[in-house]
Amino acid sequence: MALTMVADIYDVGPYGHDYAIFVYDDGDDKGWNAINDLVAGSDAYLATITSQAEQDTIADFIVNSGATGEFWLGGRQLPPDQPDQDAGWNWVTGEEWDYINWAPEEPNDYLGTDEIHLIGWQDGWAWNDEASLGNVTGYVIEYDDCDLGPTGKANFGFVAKYKK
């Protein structure tokens, strides 16, 4: 899987978390499950957003990085095939799902598709439910105390190159 880290930021806000943005080099959306599996076992996880301050920080971070498009986040709907499109949402970390930032008319299971994964959407960086329709350009990860590689960049235990 060809990835480029376009930006990273350390010790952000009062929660002290670190974030990195990755984009697919080949423009091919790999799907939420593939990315979640990729970061599993590393010091990172798909980003979780539990407050307006964290939402604003991540949105500003994405905008300032120059990255555009839609980015996987660490939200998912369980169980799959949930009959209520608003029910069952949770974070990969097990944190409480008590802050939401859905775009208008989201979540919506677009065209009857079981959209069970969360993305940040360039349209105001509000949230959208997504079903790996091939339009996601990358993902945002969050991490704590990640080892820094020889370049001073985070070493997540998976392969990515850094945008020069």
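In this predicted model, helix H2 covers residues 52-65 and comprises 14 residues. Its span from first to last C-alpha is 20 Å, close to the 20 Å expected at 1.5 Å a residue. Seven names make up the buried set of H2: Glu-54, Gln-55, Ile-58, Ala-59, Phe-61, Ile-62 and Ser-65. Viewed down the helix axis, these buried residues fall within an arc of 160 degrees, so they line one face of H2. An α-helix has 3.6 residues a turn, so residues three or four places apart point the same way. Just after H2 comes Gly-66, with a positive phi of about 85 degrees.

The structure holds 1 cavity of 30 Å³ or more. The largest cavity contains about 60 Å³ of space. Its lining consists of Ile-49, Gln-55, Ile-58, Ala-59, Ile-62, Phe-71, Leu-73, Gly-120, Trp-125 and Val-140. H2 and S4 are the elements that give two or more residues to this lining. The greatest share comes from H2, with 4 residues. By class, the lining has 8 nonpolar and 2 polar residues, and no charged ones.

Strand S4 spans residues 70-77 and includes Glu-70. Glu-70 has a relative accessibility of 11%. Residues under 20% count as buried, and Glu-70 is therefore classed as buried. Beyond its neighbours within four places in sequence, Glu-70 is in contact with Ile-119, Gly-120, Trp-121, Glu-130, Asn-135, Val-136, Thr-137 and Gly-138.

Conventions
Residues are numbered from 1 along each chain as its sequence is written. This is a predicted model: local features need pLDDT of at least 70, side-chain atom pairs count only at pLDDT 80 or more; totals for chains, interfaces and linings use all residues. Side-chain values use heavy atoms; hydrogens and water are left out. Buried means under 20% relative accessible area, exposed over 50%, partly exposed in between (1.4 Å probe, protein chains only). Contact means heavy atoms within 4.5 Å. The expected span of a helix is 1.5 Å times one less than its number of residues. The arc is that of the directions from the helix axis to the C-beta atoms. On a 1 Å grid over the protein atoms alone, a cavity is a set of points where a 1.4 Å probe fits but cannot get out, and a pocket is an open set with protein on both sides within 12 Å along at least five of seven lines; lining residues have an atom within 4 Å of a point. Grid points are joined across faces, edges and corners, and a volume is the space filled by probe spheres set on the points. Ala, Val, Leu, Ile, Met, Phe, Trp, Tyr, Cys and Pro count as nonpolar, Asp, Glu, Lys and Arg as charged, and the others, Gly among them, as polar.
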